[in-house]
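Here's a quick tour of one protein chain, from its overall layout down to a single side chain. Have the viewer open as you read.

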Amino acid sequence: MVEYRIDRRSGVATYVQIVQQTKQALRLGLLEPGDKLPTAREVVEATAINPNTVLKAYRELEREGLVEARRGLGTFVQRSLGATPADSPLRAELTEWAARARAAGLGREDVAALFTSVLDEHFTLDDRLDAHSKGDQE
């Protein structure tokens, strides 16, 4: 089950954070078709956010065809987004790299900037636009 972490200082709307974290869990294979999302009440208890915010996020995920609300039963994953499981060797390598970057004194923003620059070198604008349009369909 996914556990949402809300960053109130991020400038990203809370419901968007829930949508993004759910999609990330789908991409990593942490959530799979048939899995049940936490109830709005469970998310509210864990994060101290308004229940309507959770419901708005779940409605957005449903609109995108990723989940389905079943009256009286909960909200269930309909389809996956993932190609890279959470236990992928690539994740392990990236974890090691991030630890080395931190040990070298880089902060989170420094690492994000460095990683983004490498992504930009290896993925063209067309790749990013294709991924974005797939994300819109997802």
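## Layout and confidence

The protein chain is built from six helices and two strands. Read from the N terminus, the elements come in the order α-α-α-β-β-α-α-α. Of its 138 residues, 25% count as buried. Take the contacts between residues at least 6 apart in sequence: 57% of them join residues at least 24 apart.

Keep in mind that this is a predicted model. The chain averages a pLDDT of 87, and 86% of the residues score at least 70. Among the elements, α3 has the highest mean pLDDT, at 97, while helix α6 (residues 125-137) has the lowest, at 54. Where pLDDT is low, the predicted coordinates should not be read in detail.

## The nonpolar core

In soluble globular proteins, nonpolar side chains tend to be buried together. Which residues touch the most other members of the largest nonpolar core here? They are Ile-18, Leu-37 and Tyr-58, out of 20 residues in that core. The elements giving two or more residues to this core are α1 (14-27), α2 (40-47) and α3 (51-63).

Leaving aside residues up to four places away in sequence, Leu-37 touches Val-2, Tyr-4, Thr-22, Leu-31, Tyr-58, Leu-61, Val-67, Thr-75 and Val-77.

## How α2 meets α3

Two packed helices are described by the angle between their axes and the distance between the axes. For α2 and α3, the angle is about 125° and the axes are 9 Å apart. That angle makes α2 oblique to α3. As for handedness, α2 passes α3 in a right-handed crossing.

At the level of residues, α2 brings Ala-40, Val-43 and Val-44, and these meet Pro-51, Val-54, Leu-55 and Tyr-58 in α3.

## Zooming in on Val-43

One more pair to check in the viewer is Val-43 and Glu-3: they are 40 residues apart in sequence, yet their C-alpha atoms are 7.9 Å apart in space.

How values were computed. Residues are numbered from 1 along each chain as its sequence is written. This is a predicted model: local features need pLDDT of at least 70, side-chain atom pairs count only at pLDDT 80 or more; totals for chains, interfaces and linings use all residues. Side-chain values use heavy atoms; hydrogens and water are left out. A nonpolar core is a set of buried Ala, Val, Leu, Ile, Met, Phe, Trp, Tyr and Cys residues joined through side-chain atoms within 4.5 Å. Buried means under 20% relative accessible area, exposed over 50%, partly exposed in between (1.4 Å probe, protein chains only). Helices (H or I, at least four residues) and strands (E, at least two) are DSSP runs, numbered from the N terminus. Contact means heavy atoms within 4.5 Å. pLDDT is the predictor's confidence in each residue, from 0 to 100. Axes are lines fitted to C-alpha atoms, for helices over the stretch in contact, and angles run from 0 to 180 degrees between N-to-C directions. Angles under 35 degrees count as roughly parallel, over 145 as roughly antiparallel, 65 to 115 as roughly perpendicular and the rest as oblique. A crossing is left-handed if the near helix is turned anticlockwise from the far one by less than a right angle, and right-handed if clockwise.
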